[in-house]
Amino acid sequence: MTASASLVPDDPGAARARPAALAGPGRLRALGPNWYASVMGTAIVAGAGAALPARPPRPVLEAVWTLAAVMLVVLLAARAGHWLRHRDQARAHLDDPAVVPFYGCLSMALLAVGGTALSLRVPAAVGIDTVLWAAGTAVGLVATVAVPYLMITRHTLGPDSAGPVWLLPVVAPMVSAALGPPLAGHLPAGGARLTMLLGCFALFGMSLLATLLILPLVFSRLVHHGPVPMTPLMCLVLGPLGQSVTALGNLADAAPGTFGAASVLYGVPVIGFALLWFALSAALVVRAVRHGMGFSMTWWAFTFPVGTCVTGAAALARHTDVAAFGWLATGLYAVLVAAWLAATVRTAGGLFSGVLLPAPRR
């Protein structure tokens, strides 16, 4: 299976000709782990909105979070059905280096829905976030080890194989590091809280060092072999950048004396690099559009990674009192909302038309 086959049907025209039912055992066969990106992208709209200096209306954010939570439940059930009914395809995903990194999205979907519940203080938020943070962190740690293990022992990779999707499993612990400190605030002061905060800092280091191993490979692939086939995936690099700034910012909120200065000294240059990569990615996307880039599920890469830059800039605004960071967060949030609306509308249209999750050919 190629990367494109995991994200869009082989023959869109044939898919349109088939019935456009939204559910069914046959259609589950085409459901890959990349679909969790839609949950991440939806949850971050609510979570990033809650972090802004001037928040959007609370009912709107709660409605978006509710949509993300429903999507998560539906996808978890559908993916369980995929493993039960199409185990051969599920195992093939594990052997496909273009698909298996997306298992990191399962972890981040759980974490994003839980963390946003806590930030919005929805009913039973602490309980929801406790369960989802624990589950998401466990899944993320497994993916961080298992995916590189499979790449080393079972996958055949060439010099042009490196791509931004390699970041997906290793960035999951960074999401845990970013969303753990607010949850730690609900623990009793003392050893338990300090242990969780230091654990989050260890997750931060784990993800950061793994990212630093992968980024040179990704850039080398770009300059030697040209843009990745699915250009929207370029935006995935923003994820560990923005999320690491967010993580240190949230750690500084929880323990200012320990992490306050580090959050600014690290965050300002990293958010600068994130803006550089954002500009490079935007230029490559414009180029791809001119060459006929159409819609695929990779459009969800425009959402969650940009959202992490929103929360990172908002954290810097809190810790520096510099208005420019607040304006940056607001401007990036506008980009996030526009990207989310475009991806949501096109995904819904693809589901109803049968272009996405096509029924099996008869």
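**Burial, helices and aromatic pairs in a predicted model**

Buried residues account for 54% of the 362 residues in the protein. Buried means under 20% relative accessible area, exposed means over 50%, and partly exposed lies in between (1.4 Å probe, protein chains only). The structure is a predicted model: local features need pLDDT of at least 70, side-chain atom pairs count only at pLDDT 80 or more, and totals for chains, interfaces and linings use all residues. Residues are numbered from 1 along each chain as its sequence is written, and side-chain values use heavy atoms, with hydrogens and water left out.

The protein contains 14 helices and zero strands. Helices (H or I, at least four residues) and strands (E, at least two) are DSSP runs, numbered from the N terminus. The radius of gyration is 20 Å, close to the 21 Å that the globule rule gives for 362 residues, so the protein is as compact as a globular protein of that length. This radius is taken over C-alpha atoms, and the globule rule is 2.2 Å times the number of residues to the power 0.38. Along the principal axes, the C-alpha atoms fill a box of roughly 65 × 45 × 40 Å.

Contacts were examined next. Contact means heavy atoms within 4.5 Å. Among contacts between residues at least 6 apart in sequence, 82% join residues at least 24 apart.

Helix H7 (residues 103–120) holds Ala109. Ala109 is buried, with a relative accessible area of 0%. Leaving aside residues up to four places away in sequence, Ala109 touches Tyr36, Val39, Met40 and Leu72. The C-alpha atoms of Ala109 and Gly41 are separated by 8.5 Å, although these residues are 68 residues apart along the chain. Tyr103 also lies in helix H7. Tyr103 is buried too, at a relative accessible area of 16%. With residues up to four places away in sequence not counted, Tyr103 touches Pro33, Arg79, Trp83, Ala90 and Leu94. Between the C-alpha atoms of Tyr103 and Arg79, 24 residues apart along the chain, the separation is 11 Å.

A search of the whole structure finds six aromatic pairs. Rings of Phe, Tyr and Trp (its six-membered ring) pair if their centres lie within 6.5 Å; planes under 30 degrees apart count as stacked, over 60 as edge-to-face and the rest as tilted. The rings of Phe201 and Phe259 have centres 5.1 Å apart and planes at 70°, so this pair is edge-to-face. The pair links distant parts of the chain: Phe201 is in helix H10 and Phe259 in helix H12 (residues 256–290), 58 residues apart. Phe201 is partly exposed at 36% relative accessible area. Phe259 counts as buried at 5% relative accessibility.

Phe204 and Tyr266 form another edge-to-face pair, 5.6 Å centre to centre with 75° between the planes. Phe204 lies in helix H10 and Tyr266 in helix H12, so the pair ties together parts that are 62 residues apart in sequence. Phe204 is buried, with a relative accessible area of 7%. Tyr266 counts as buried at 19% relative accessibility. Ring pairs link Phe201, Phe204, Phe259 and Tyr266 into a cluster.

Helix H10 (residues 191–225) also holds Phe219. Phe219 is partly exposed, with a relative accessible area of 43%.
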